Amino acid sequence: MIKPFTIICLLVFAAAFTAKAQTAPADSITKIARADAKNFRLNKQDFKKFRKDRRNANSDYFKPARANVSNAALLGDSVYVKAYRAAAYAKTRHRHTTGHYVLLGGIALTVVALVAVAAATNSVLTGYH
């Protein structure tokens, strides 16, 4: 009767005093979060809502989801979540709309056309063909 009781007590104490897994340093967790956030992208509807007020970095839009992270166990780590949100916010804040790229392309095309017209006019005026 004493042997089973002793074994049970040893198992309880062993379970109570198990060695905790060593946690990764905050720098490496931050690097992992930034790498995971590189694949983050808001859908069109949420991006339109975000553009109205770009200052809200703590929005629910930037929460890491199991589908977007490399290690789901890190979702419980506050350092990881904060770093992921910051990186996802920064990436989304620098994202441009399609109209932005159309405008830049139109400006570039206009400049090239003006340079071509100026060069053609200059060659006609100077007599060089």
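Is Ala86 buried, exposed or partly exposed? I looked it up: Ala86 has 45% relative accessibility, so it counts as partly exposed. My cut-offs are under 20% relative accessible area for buried, over 50% for exposed, and partly exposed in between, with a 1.4 Å probe and protein chains only.

**Ground rules.** I am working on a predicted model, where local features need pLDDT of at least 70, side-chain atom pairs count only at pLDDT 80 or more, and totals for chains, interfaces and linings use all residues. I number residues from 1 along each chain as its sequence is written, and side-chain values use heavy atoms, with hydrogens and water left out.

**Overall fold.** I counted five helices and zero strands. Along the sequence the pattern reads α-α-α-α-α. Helices here are DSSP runs of H or I with at least four residues, strands are runs of E with at least two, and both are numbered from the N terminus. The protein has 129 residues, and 19% of them are buried. I then checked contacts, meaning heavy atoms within 4.5 Å. Of the contacts with a separation of 6 or more, 65% join residues 24 or more positions apart. The accessible surface comes to about 10300 Å², and carbon and sulfur atoms hold 63% of that. Areas come from the Shrake-Rupley method with a 1.4 Å probe; for residues, only the protein chains shown count as cover.

**Helix 2 and helix 4.** I went back to Ala86, which lies in helix 4. Thr30 sits in helix 2. Thr30 is buried, at 17% relative accessible area. Leaving out residues up to four places away in sequence, Thr30 touches Val79 and Ala83. Tyr89 is in helix 4, which spans residues 78-93. Its relative accessible area is 15%, so Tyr89 is buried.

**Asp36.** Asp36 belongs to helix 2, residues 26-37. Its side chain reaches the backbone nitrogen of Ser70 at 3.2 Å. Beyond four places in sequence, Asp36 touches Asn68, Val69, Ser70, Tyr80 and Tyr84.

**Salt bridges.** How many are there? I get one, taking a side-chain nitrogen of Lys or Arg within 4 Å of a carboxyl oxygen of Asp or Glu. Lys63 and Asp60 form a salt bridge, with their closest N and O atoms 3.7 Å apart. Asp60 is exposed, at 58% relative accessible area. Lys63 is partly exposed, at 45% relative accessibility.

**Nonpolar patch.** I noted a surface patch made of Tyr101, Leu103, Leu104, Ile107, Val111 and Val115. Together they have about 600 Å² of accessible area. Patch members need over 30% relative accessible area and no salt bridge; like charges are joined within 9 Å, and nonpolar side chains (Val, Leu, Ile, Met, Phe, Trp, Tyr) within 5 Å. Val115 lies in helix 5, residues 98-126. Val115 counts as exposed because its relative accessibility is 54%.

Terms used:
A polar contact is a pair of N or O atoms within 3.5 Å; within protein, one must be able to donate a hydrogen and the other to accept it, and residues adjacent in sequence count only if both atoms are side-chain atoms.
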